[in-house]
Structure formats: C-alpha cells, structure tokens
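Trainee: I would like to go through this model with you. Could we test each label against its cut-off?

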Amino acid sequence: MTTQATPRERLLDAAGELFYRDGVNIGVDALCKAAGVSKKSMYQLFRSKDELIAESLASVGPSHQQALEPGVEDGATPRERILVVFEKQDRLAAGREFFGCPFVSTAVELKNPEHPGSVVARHFKQRLTDFFRSELIAAGVENPDLLAVQLTMVFDGASARAVVRAQPLGGIGVATASALLDAAGVKEEALAGEAHRR
C-alpha cells in the first residue's frame with residue numbers, strides 16, 4: 001500500500017526543488033500550484049513564506065550532505081576523506097541539475113543574515129567546515145580551524161565557478177584542495193603510514 005504524501009510534505013518537496021532551481025523569490029502561487037496545495041492551506045501549515053524557505057532548506061540539507069560526505073567509518077585517511085567531498089562535488093557539478101550549493105545560493109538571494117533561511121544555510125555550511133576540521137585534527141594539522149575555513153571557501157568557490165561558467169569543474173576543486181593539504185603537510189604517504197601505525 002502506497003502512503004500518499006501530506007500537503008505539508010508536498011509543499012516541502014516542491015519548495016526544495018523550485019527554490020534550488022528557480023530561487024527563493026519564486027511566487028507563492030507557482031509554489032502552491034507545483035505542490036497541488038491551496039494558498040490557504042500553505043498559510044495554515046506555515047506561518048509565512050520565510051518559514052517555508054527555512055524548513056524546506058532544512059529538509060533537503062541532510063540529503064545534500066550525505067551526497068557529499070564519505071561514510072562514517074570507511075577506513076580512508078583524513079586526506080582521502082576530505083578529497084572525497086571535492087570529488088563528489090566534481091561529479092555533481094557535471095550534472096544538468098546542478099545549480100550550485102543550495103545553502104550559499106539561498107543566503108546570497110536573501111541577503112539578510114537574520115532571515116530564518118540564512119540561519120539554516122549557515123548551520124549546514126558550518127557542518128561542512130566542522131567535518132573538514134575534525135578530519136584535519138585527526139591528521140595532526142597545526143591550525144585545523146584556518147585550513148577548514150580555507151577548504152570550505154574552495155568548495156564554495158568551485159560551486160560558484162561551475163554555475164557562472166555553466167561547465168563542469170574538471171577537477172579544479174580537487175586540485176586546489178590537494179594543494180592546500182600539501183602545503184599544510186597533509187601528505188598521502190604520511191597519512192597512510194600513520195593509519196597503519198594505529
């Protein structure tokens with residue numbers, strides 16, 4: 001027996017897709033039409049469009065992260081786990097449905113750091129930085145906080161480049177992240193030796 005999606009679920013699904021593809025300024029009428037829900041129902045389920053923006057972003061956030069990050073215990077070195085994120089980004093950016101990082105896109109469109117959507121976007125961007133930081137700590141990097149921010153900037157810059165140039169990244173994000181890791185002394189050989197000693 002198939003469970004039918006509730007109006008709330010249909011709105012969140014439609015908002016997640018349309019906000020990512022067309023931007024958060026898409027009209028409520030178009031959004032409700034795509035979801036098959038009346039405007040009255042929408043405003044009964046969500047206090048405002050702003051709340052819907054935030055909740056839809058929060059609902060797609062975990063799957064977006066899962067599409068980028070490696071598994072919890074995959075046996076890879078910290079360097080490999082970090083580079084996996086950029087390799088996955090490279091593959092996603094080559095697809096026709098890639099419109100950049102949904103969190104950066106939303107925050108840039110909203111332009112208000114206090115908007116609930118911006119708060120959600122910041123949360124997920126921080127989670128990516130925190131992932132990099134934890135891997136860098138495991139690698140014994142001297143200043144993991146700084147390098148984690150630098151890697152996040154490479155990630156965001158690569159996403160923006162793919163959208164602006166409307167072409168695949170061709171490994172530029174992976175190469176730039178690798179150069180940063182090399183400069184910080186996070187070498188593949190050293191990490192492999194360290195992992196073996198554990």
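Mentor: Start with the word helix. A helix here is a DSSP run of H or I with at least four residues, and helices are numbered from the N terminus. Keep in mind that this is a predicted model.

Trainee: Where does Lys 111 lie in that numbering?

Mentor: Lys 111 sits in the loop between helix 6 and helix 7.

Trainee: What makes Lys 111 count as buried or exposed?

Mentor: Its relative accessibility is 69%. Exposed means over 50%. Lys 111 therefore counts as exposed. Look at its backbone too: phi is near 60 degrees, a positive value in a residue other than glycine.

Trainee: And what is phi of Ala 166?

Mentor: Phi of Ala 166 is near 55 degrees, again positive in a residue other than glycine. Ala 166 lies in the loop between helix 8 and helix 9. Its relative accessibility is 67%, so Ala 166 counts as exposed.

Trainee: How many helices and strands does the chain have?

Mentor: The protein chain has 10 helices and zero strands. Buried residues make up 41% of its 198 residues. The C-alpha atoms fill a box of roughly 60 × 40 × 30 Å along the principal axes.

Trainee: Why is Glu 135 called buried?

Mentor: Set the value against the limit. Glu 135 has 10% relative accessibility. Buried means under 20%. So Glu 135 counts as buried. Glu 135 is in helix 7.

Trainee: Which residues does Glu 135 touch, not counting those up to four places away in sequence?

Mentor: Glu 135 touches Pro 78, Arg 81 and Ile 82.

Trainee: What puts His 64 in its class, buried or exposed?

Mentor: The relative accessible area of His 64 is 18%. The limit for buried is under 20%. His 64 is therefore buried. This residue is in helix 4. His 64 touches Pro 102 and Phe 103, with residues up to four places away in sequence not counted. The C-alpha atoms of His 64 and Cys 101 are separated by 9.0 Å, although the two are 37 residues apart along the chain.

Trainee: Pro 102 and Phe 103 are in helix 6. How do you know whether helix 4 and helix 6 are roughly parallel or antiparallel?

Mentor: Use the angle. The axes of helix 4 (residues 49-68) and helix 6 (residues 102-110) come within 10 Å and cross at roughly 160 degrees. Over 145 counts as roughly antiparallel. Helix 4 and helix 6 are therefore roughly antiparallel to each other.

Trainee: Which residues of the two helices meet?

Mentor: From helix 4 come Ile 53, Leu 57, Gly 61 and His 64. From helix 6 come Pro 102, Phe 103, Thr 106 and Leu 110. By class, the residues of this contact are five nonpolar, three polar and no charged.

Trainee: Why are helix 4 and helix 5 called roughly perpendicular?

Mentor: Their axes are 8 Å apart, at an angle of about 110 degrees. The range for roughly perpendicular is 65 to 115. So helix 4 and helix 5 are roughly perpendicular to each other. Gln 66, Ala 67 and Leu 68 of helix 4 meet Val 84, Val 85, Lys 88, Gln 89 and Leu 92 of helix 5. That contact of helix 4 with helix 5 has five nonpolar, two polar and one charged residues.

Trainee: How do you know that the length of helix 9 agrees with its residue count?

Mentor: Helix 9 (residues 172-183) has 12 residues. The expected span is 1.5 Å times one less than the number of residues.

Trainee: Which residues of helix 9 are buried?

Mentor: Gly 173, Val 174, Ala 177, Ser 178 and Leu 181 are buried. They cover an arc of only 130 degrees around the axis, so they are on the same side of helix 9. These buried residues pack against helix 5, helix 7 and helix 8. After helix 9 comes Gly 185, with a positive phi near 85 degrees.

Trainee: What span should helix 1 have?

Mentor: Helix 1 (residues 7-22) has 16 residues, so it should span 22 Å at 1.5 Å a residue. Its end C-alpha atoms are 21 Å apart, which agrees. The buried residues of helix 1 pack against helix 2, helix 3 and helix 4. Among them are Leu 11, Leu 12 and Phe 19. Just after helix 1, Gly 23 has a positive phi of about 100 degrees.

Definitions and conventions. Residues numbered from 1 in each chain as written. Predicted model: local features only at pLDDT ≥ 70, side-chain atom pairs only at ≥ 80, totals over all residues. Heavy atoms only, no water. Axes fitted to C-alpha atoms, helices over the stretch in contact; angles between N-to-C directions. Parallel < 35°, antiparallel > 145°, perpendicular 65-115°, else oblique. Contact = heavy atoms within 4.5 Å. Nonpolar A, V, L, I, M, F, W, Y, C, P; charged D, E, K, R; others polar. Buried < 20%, exposed > 50% of the residue type's maximum accessible area, 1.4 Å probe, protein only. Arc of directions from axis to C-beta.
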